[in-house]
Amino acid sequence: MRRRAHAVLIAVFGILVAALPALAHHSFTAEFNPDQEWSVTGVLTKVDWVNPHTATWVEVKDEKTGQVETWGCQGNPPGTYSRAGVHREDWRIGEVVTITCLAAKDGSKRWGFLKQIKYHSDGHVLVFRQGGE
Amino acid sequence: MNARRRNNRVIVSFLTAACSVGFLSLMPVSAAAQSSRAAASAAEAASKPTPRTPDGHPDLSGFYNLVDIYHGDPKEEKPGQHVVNRAENGSVFFDYGGANGGGGEEGNTRIRQTQNGKVNMLDRTCISCEEPPYKPEYMAKVKAIGDAMYGDASPLDPQYDCKPYGVPRGSLRGAGGYAMQIVQNAQVIAFLYEDRPGPYFRIVYLDGRGHPEDFDPSYVGHSIGHWEGDTLVVDVVGLNDDTWLGSGTVGPKYAMMHSDKLHVVERWTRTGNVITYEATVDDPVMFTKPWVMTPRQTQLAAPDDYIRPTMCIPYDKTHLVKKDNTPYNEMAAQSADNSEANASVPAANMVGSWNVTIHSTIEGILTEQWTVTQDGAKITGTVKTKNGDATLEGSLSGAIFLGAVTDGDKKYVVRGTAVDNDFDGTIRMGKNEFLLSAKRSK
């Protein structure tokens, strides 16, 4: 029974960062479509904890053909995450996940901007939102 | 997992940092002055005593960064603020508050917020910043690149190859979540940076030497400094032409390429916990006269902040699009198949009756019942609560649901994932977001 014991949110804190363009070195809308999402289910194989943006990688197996495809999603910079309290260990490598990402504007179909990771083992989610939504 | 320990650490970190004061600004001084809160905070930081070395000069040593901890009610949402909610069960909700999203503090001339609450990055320009005085033939090139860019991002910008920002663009860091450590003694000042191409450094020699005659050009050049009163004056030559002057992260939009004849004179002044950076930049090849940059400031970081020495991988470059949303690489456009991406995951089936539990930290456990009908990815339904009926609307992207419960004039955004007979997600009620779980009844 893969049911989760939900508990209340207990830690709530905010970090103020000056509202500068410098926060991310460019707008995600220069690369991604905020109005179009995709999601796939597969194995979380890697997170690149790198500048200027983190990248999350999932391997998706086609059950019919057995073919494995790699899907990737860019996230915010590692310093932004870690200074806000979101850490690399929150990416549980090897687990089955469903990831949801904003679509790439250049048409790359297996690339996007990370919105959510859901772990199938316990239902935990990592949700990433841009403000204003 | 050590969720509780993490929470404690986070809270301790919050309290520690909350004790420090500091609004950190790399924005032009004139823009900063428009924000009274920023100005007040910067004034307070600047009023601290300026540390000095044994020989009496200002000591610039310290860790500088543009991150601050929000001091107010943590449940209250403010523009320009990252918010993290970490549930005890391990789930994490991260709201980016910067330029990509809810940013747009009033008085910040570099960010304009559109009426729908999203930031229109096409408006992201440094209005008050001085632009480099390019000769007409170079200005024509710069304008052509700039006018094609979406916002201020271009794949021609060396930063998208993870190359160092160089001098003067990257001298004063603290932007983009990146930071800067300064270490100073009587002979040298070292600037340690955390971002691209990875952790790297720059040395300014204070021992009276001149520039070497056989210096090979590099990203940070060769720097010699001396003191004029309380200001450190640094003369920089030997810069290669593989950096840009601005655009993107800092500076005005039309500040791009330069020659390897660049000559930069920087003036660094520490006042209390604030550093003011001024520079005069001459490029005899491309400029009609020296470019006097608009001064910038940064400020000491929170006491527990530190360098994150991560490397850079240029994932962005090949995906940037032009102002008209078309790819730079036409081949990529032709080979791309959006329809396949759109059709890759069929919508989950949410039809049926769902017993819903909301874990409110204010009202406790709330229960309601959803009766859901579905037309493709479109979801509609009725909601029965203890206070009466409401409606549910939304859509599915694969297993991901995004929608809202509407009760009279109140709307509660619901996000979640539907897998088999389980639905897990969140519901936003006013300023708070609560975990929501549901089970489909047989």
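Author: Happy to. Let's begin with strands: two of them pair if DSSP finds at least two bridges between them. The strands themselves, and the helices too, are DSSP runs numbered from the N terminus, with at least two residues (E) for a strand and at least four (H or I) for a helix. A case from this predicted model: β5(A) and strand β6 (residues 111–119) of chain A pair in the antiparallel sense over seven bridges.

Reader: Where in chain A is confidence lowest, and where highest?

Author: The score to look at is pLDDT, the predictor's confidence in each residue, from 0 to 100. Strand β1 (residues 9–16) of chain A has the lowest confidence in that chain, with a mean of 26, and strand β3 (residues 55–61) of chain A has the highest, at 95. The pLDDT is below 50 over residues 1–25 of chain A, yet beyond near neighbours in sequence this stretch has 103 contacts in the model. A contact here is two residues whose C-beta atoms, placed from the backbone, lie within 7 Å. For chain A the average pLDDT is 77, and 77% of the residues score at least 70.

Reader: How many helices and strands does chain A have?

Author: One helix and seven strands. From the N terminus on, the order is β-β-β-β-α-β-β-β.

Reader: Why can I call β5(A) largely enclosed?

Author: That comes down to burial. A residue is buried if 20 or more other C-beta atoms (placed from the backbone) lie within 10 Å of its own, exposed if 12 or fewer, and partly exposed in between. Eight of the nine residues of strand β5 (residues 96–104) of chain A are buried, so the rest of the structure largely encloses that strand. Of the 133 residues of chain A, 61% count as buried.

Reader: Which way do β4(A) and β6(A) run?

Author: They run parallel, joined by three bridges, and A:Q74 stands opposite A:F113 in β6(A). By contrast, β3(A) and strand β4 (residues 68–74) of chain A pair in the antiparallel sense over seven bridges. Those two form a hairpin with six residues between them, where A:G66 in the turn has a positive phi of about 80 degrees.

Reader: What about chain B: which strands close into a barrel?

Author: Eight of them, in the order β13-β14-β15-β16-β17-β18-β19-β20, with antiparallel pairing. Follow it strand by strand. Strand β13 (residues 352–360) of chain B and strand β14 (residues 364–375) of chain B pair over nine bridges, and their hairpin has three residues between them. Next, β14(B) and β15(B) pair over seven bridges; their hairpin has two residues between the strands, and B:G376 in the turn has a positive phi of about 65 degrees. Then strand β15 (residues 378–385) of chain B and strand β16 (residues 388–397) of chain B pair over eight bridges, with B:T385 opposite B:G388.

Reader: Last one: which residues touch the most other members in the largest nonpolar core?

Author: A nonpolar core is a set of buried Ala, Val, Leu, Ile, Met, Phe, Trp, Tyr and Cys residues joined through C-beta atoms within 7 Å. In the largest one, of 40 residues, they are B:Y64, B:M256, B:V264 and B:V281. β10(B) gives the most to this core, with four residues. Another core, of 27 residues, lies apart from it and includes A:I99, A:V127, B:V92 and B:F93.

Note on methods. Residues numbered from 1 in each chain as written. Chains lettered and ligands numbered in written order. Predicted model: local features only at pLDDT ≥ 70, side-chain atom pairs only at ≥ 80, totals over all residues.
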